[in-house]
Amino acid sequence: MLKTAPRHDWTRDEITALYEAPLDVLMTQSLAVKSANWADGKVQKSQLLSIKTGGCAEDCGYCSQSAHFDTGLKAEKLMPLEDVVAAARDAKAGGADRFCMGAAWRNLKDRDLPKITAMVEAVKAEGLETCVTAGMLEPHQASALKDAGLDYYNHNLDTSREYYTSVVSTRTYEDRLETIAHCREAGINLCVGGILGMGESRADRIGLIHELSKLNPHPESVPINMLVPIEGTPLGTSAPVSVVEMARAIAVCRIVFPKSWVRLSAGREAMSEEGQALCMLAGANSIFVGDRLLTTDNPGETRDEALLKALGFEHAAREEVQTPSRSKTRLIGA
């Protein structure tokens with residue numbers, strides 16, 4: 001019988017067996033899980049805005065906004081509230097359901113907290129789901145964001161625990177997990193995923209998914225990013241990960257996180273329409289829209305609408321999880 005309820009006892013070996021299964025077998029199972037949990041077939045659209053760009057004290061090896069690297073990016077101050085609201089209105093007019101605000105900080109400082117909560121309140125008032133990523137949080141800051149109406153906090157694990165120190169040295173894996181715990185304790189939904197193509201092995205990709213699977217509850221949103229190489233960063237010359245590998249990771253995430261949005265995130269600009277379609281068919285049901293992410297290009301509204309139309313995917317926010325259907329098929333990990 002196909003099991004569609006979330007599990008928190010996945011072993012690394014079980015996830016490895018999924019990841020390394022023949023692609024058709026893996027995608028058959030991921031589609032069965034998606035159909036059981038997301039029968040409406042709708043695709044959620046998020047739009048991301050950099051509300052404070054550059055000058056970050058972290059040394060994440062993939063990031064154009066780190067003050068440690070010369071990427072040609074000019075550091076900017078926090079955007080005025082009215083500019084953020086205008087961008088949110090444009091995002092909603094373009095079909096976005098969720099508006100994500102990213103600030104390039106190591107951690108959110110109390111002096112900036114009132115400005116961020118005001119942004120959350122204002123964007124929420126426009127009828128959009130809200131998401132913020134602003135580095136590490138203290139418990140009282142997470143509570144303040146929740147009180148302002150924040151729906152999601154994004155704080156990616158990036159990669160496996162074992163490979164993490166090859167990517168960043170200025171904060172630890174435990175630091176990331178601590179902020180995630182603060183958000184969960186405050187009642188904020190989580191957006192937690194990682195990046196593929198940073199020189200990690202397949203075992204590290206499996207390790208990332210395993211770490212995410214241990215979070216209880218699972219993150220409500222799991223973004224899977226393809227590295228966008230940035231000149232001047234330590235990972236700027238990394239060999240690209242294949243689209244098939246992206247599809248495998250997404251399919252495994254769909255199975256392991258049956259109730260979560262699985263987002264095909266950064267890197268779509270470098271993918272063909274067919275490559276994006278493969279990742280969507282593997283189980284992704286969320287994308288970033290707009291022509292920019294934080295500091296990198298994105299396909300844009302016209303191309304996205306054409307892709308979704310070609311695939312026959314209807315766009316709309318999903319209001320409730322569908323009742324899982326039953327299957328008599330015995331599948332991997334079931």
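Is C279 buried or exposed? At 0% relative accessibility, C279 counts as buried, where buried means under 20% relative accessible area, exposed over 50% and partly exposed in between (1.4 Å probe, protein chains only). The model is predicted: local features need pLDDT of at least 70, side-chain atom pairs count only at pLDDT 80 or more, and totals for chains, interfaces and linings use all residues. Residues are numbered from 1 along each chain as its sequence is written, and side-chain values use heavy atoms, with hydrogens and water left out.

**Figure 1. Overview of the chain.** The chain has 10 helices and nine strands; helices (H or I, at least four residues) and strands (E, at least two) are DSSP runs, numbered from the N terminus. Of the 334 residues in the chain, 56% are buried. Among contacts between residues at least 6 apart in sequence, 77% join residues at least 24 apart, a contact being heavy atoms within 4.5 Å.

**Figure 2. The salt bridge between E58 and R171**. A salt bridge is a side-chain nitrogen of Lys or Arg within 4 Å of a carboxyl oxygen of Asp or Glu, and by this rule the count comes to 16. In the pair shown, the side chains of E58 and R171 meet with an N to O distance of 3.0 Å. E58 lies in the loop between β1 (44-52) and α3 (81-93) and R171 in the loop between β4 (152-154) and α6 (173-186), so the pair ties together parts that are 113 residues apart in sequence. E58 is buried, with a relative accessible area of 2%. R171 is also buried, at 9% relative accessibility.

**Figure 3. The salt bridge between R89 and E126**. The N to O distance between these two side chains is 3.1 Å. The pair links distant parts of the chain, with R89 in helix α3 and E126 in the loop between α4 (113-125) and β3 (129-133), 37 residues apart. R89 is partly exposed, with a relative accessible area of 48%.

Figure 4. D158 sits in the loop between β4 and α6 and R176 in helix α6; the two are 18 residues apart, and the pair links distant parts of the chain. Both are buried: D158 has a relative accessible area of 2%, and R176 has 3% relative accessibility.

**Figure 5. Strand β2 and the strands paired with it**. Strand β2 (residues 98-103) is mostly covered, with six of its six residues buried. In a regular strand the side chains alternate between the two faces of the sheet. In β2 both faces are covered: R98, C100 and G102 are buried on one side, and F99, M101 and A103 are buried on the other. Two strands pair if DSSP finds at least two bridges between them. β1 and β2 pair in the parallel sense over six bridges, and L48 stands opposite C100 in β2. Five bridges join β2 to β3, which run parallel, and the bridge partner of C100 in β3 is C131. β2, α4 and β3 make a right-handed β-α-β unit; a crossover is right-handed if, with the strands pointing away from the viewer, the path from the first strand over the helix to the second runs clockwise.

**Figure 6. The surroundings of C60**. A disulfide is a pair of cysteine sulfur atoms within 2.5 Å, and by this rule the count comes to zero. The cysteine sulfur closest to that of C60 is in C63, at 6.1 Å, too far for a bond. C60 is buried, with a relative accessible area of 7%.

**Figure 7. Helix α9 and the residue G283**. In helix α9 (residues 273-281), the buried residues include G275, Q276, A277, C279 and M280. Just after α9, G283 takes a positive phi of about 135°.

**Figure 8. The contact between R7 and D9**. R7 lies in the segment before α1 (12-19) and is buried, with a relative accessible area of 18%. The side chain of R7 makes a polar contact with the side chain of D9 at 2.8 Å. A polar contact is a pair of N or O atoms within 3.5 Å; within protein, one must be able to donate a hydrogen and the other to accept it, and residues adjacent in sequence count only if both atoms are side-chain atoms.
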